[in-house]
Amino acid sequence: MIRRREARRGGLGALAAVLLVLPFVLPNTYYLNVAILAGLNAIACIGLNLLIGYAGQISLGHAAFFGIGAYVSAILTAGQGWPPVLALLAALVLNGALAFAVARPILRLRGHYLAMATLGLGIIVAIVLAQEVRLTGGPDGMPVPPLVLLGWSPPGEAAWYGIVAVLLWIAAWLSLNLARSPIGRALAALNASEIAAATAGVDVARHKSLVFVLSALYASLAGSLFAHYAGFITPAKAGFLQSVELVTMVVLGGMASTFGAVVGAAILTALPQIFATFHEYETIALGAILMGIMIFLPRGLVPSLARLAGRR
Amino acid sequence: MSLLEVQSLSKTFGGVAAVAEVSFELEAGHVHSVIGPNGAGKTTLFNLIAGAVRPSGGKVRLDGADITGLAPHVLAERGIGRSFQTPQIFAAMSVAENVMVGRHLRLDRRLLPSLLGMPAVDRANRAARERAQLLLDQVGLGQEADRPAGGLAYGAMKRLEIARALAGDPRLLLLDEPAAGLNPTETAEITALIQAIAAAGVTVVLVEHDMRLVMAVSDHIIVLDSGRKLADGTAAAIRADPAVIAAYLGQAQ
């Protein structure tokens, strides 16, 4: 217990240190841009890890919440002239409500059935975003006005990096706090045995809904920020490939590891940006990485490395 | 008044009656055993009482309140704890954390303080951890508290399940074959443990095949055969009951 609490504090300290040092060692703004995109993916992955890693519930449609976050922010700021922060909060409310509404029926399913249902949810959202041309601009996407915080707009890559780094650290901190609370133990318990968790007094359906909503909120926040940062969004960001990419990041970094989600997101965001050829074969590479991890490193990178370090 | 009252409880699976019109009452503070040949419906009866399976008919009352068909987590809140025939432990967690999950209902479970890591959550965790250590000491797993639960031996897992169930401060504890797969030393330890639990005022119900254990600890025995109640009484009365003897001899042939 005590050892674990120290590991958590050490991890948060290390994350803060890396986030602080990173902008000074990156050679130019292009890499800063990559770091910002990685940070946004990491926020979504920390949320998805709560669902997949801790609670053991798969979602193959999580990009839907990212996409809704992005489009609600885009539509409310561009079309309705809302302040970006208010639009971001509205996106959180809408995503939370949607996740809450679908959670009970969807999360009664298990295994393949749950995977199929979340896949369906993702596809429906992606189709709606592509078809509602009047609202969303259709498959061509739509431009998004810049982010404004209390009259201040992040002027460039460095300011954006600061915002994303702070939010990423807070996202990790919240996730780690939850994991070691009674709620976090309840999630890990229902992951291992639903009947045993229920017998111990855990309301399984309520906890599944709760973690599903939380993970949707993380994705929504990442989506809203991405829309403002990129300045342009397309329905592809809500699509199936995007959902698979998020799952692959979580699995690569390590299930039930908050820092694993961050590492997985960083690696899989950086690879295609740094190696242009990787980009062409991205779909194949994602599949190969997923298979390789499942076969050779089923715990994922961070838990496996932590175990190696612990053995020394 | 009796703690648990079971009235014409029935469960049919696809036309087959696993439990048929079973009625009995359990007096508070006593150790009760449910015995019977394999397939007599003992585990199904447990699942019906603990809410894992919904009954096809009949009533279950706890302290006079109807609890028929309530969900397991609601029954846990009402004070029913249980262990499973095949241990259902949380393998990836430590032994102590398994017991802390059993304390779930007594802890601060508010979302915001949990997310913010507020001191109240830390305090609850510390209290739960201390409580878990006491219970683990009681079941003889005090030294294993920080080990991963998945690495425990079978008999230790069974004792861990008992500690986890006790962590919820149950009034009624259902133990499904606590001595199955245990060696004689471990069985003796379990026997002493059950007696200690009952002495602390918890009403215990056992499903058990080990007759020496059953006869040693039971104040009251219920005999099931093919889903029906065959007999119900003190250990001495059951031992002398001709219908029970016939059922057991019949099975041995």
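**Reading helices, a sheet and an interface**

Me: Where does α2(A) bend, and by how much?

Reply: α2(A) bends by about 35 degrees at A:L48, the bend being the angle between axes fitted to the seven residues ending there and the seven starting there. Helices (H or I, at least four residues) and strands (E, at least two) are DSSP runs, numbered from the N terminus. This is a predicted model, in which local features need pLDDT of at least 70 and side-chain atom pairs count only at pLDDT 80 or more, while totals for chains, interfaces and linings use all residues. Residues are numbered from 1 along each chain as its sequence is written, and chains are lettered from A and ligands numbered from 1 in the order in which they are written.

Me: Is α2(A) mostly covered or mostly uncovered?

Reply: Helix α2(A) is mostly covered, with 19 of its 26 residues buried (20 or more other C-beta atoms, placed from the backbone, within 10 Å of a residue's own; exposed means 12 or fewer, partly exposed in between). Just after this helix, A:G56 has a positive phi of about 70 degrees.

Me: In what order do the six strands of the open sheet in chain B run?

Reply: Strands pair if DSSP finds at least two bridges between them. In chain B the order is β6-β7-β8-β3-β9-β10, with mixed pairing. Its edge strands, β6 (80-82) and β10 (228-233), each pair on one side only. From one strand to the next the twist averages 20 degrees (axes are lines fitted to C-alpha atoms, for helices over the stretch in contact; angles run from 0 to 180 degrees between N-to-C directions). Within this sheet, β3 (31-35) and β9 (220-225) of chain B pair in the parallel sense over four bridges, and B:S33 has B:I221 in β9(B) as its bridge partner.

Me: Which strands does α1 of chain B lie across?

Reply: Helix α1(B), residues 42-50, lies across β3, β6, β7, β8 and β9 of chain B, at about 150 degrees to β7(B). Helix α7(B), residues 184-199, also packs on the sheet, touching β3, β7 and β8 of chain B.

Me: How many residues of chain A are in contact with chain B?

Reply: Contact requires C-beta atoms, placed from the backbone, within 7 Å. Here 23 residues of chain A are in contact with 33 residues of chain B. On the chain A side, α7 (157-179), α8 (182-192) and α9 (194-199) each supply at least two residues, and α8(A) gives the most, with seven.

Me: What do the buried residues of α3(B) pack against?

Reply: They pack against α8 and α9 of chain A together with α5 (119-138) and α6 (154-166) of chain B. In α3(B), residues 95-102, eight of its eight residues are buried, including B:E97 and B:N98.

Technical notes. Contact = placed C-beta atoms within 7 Å.
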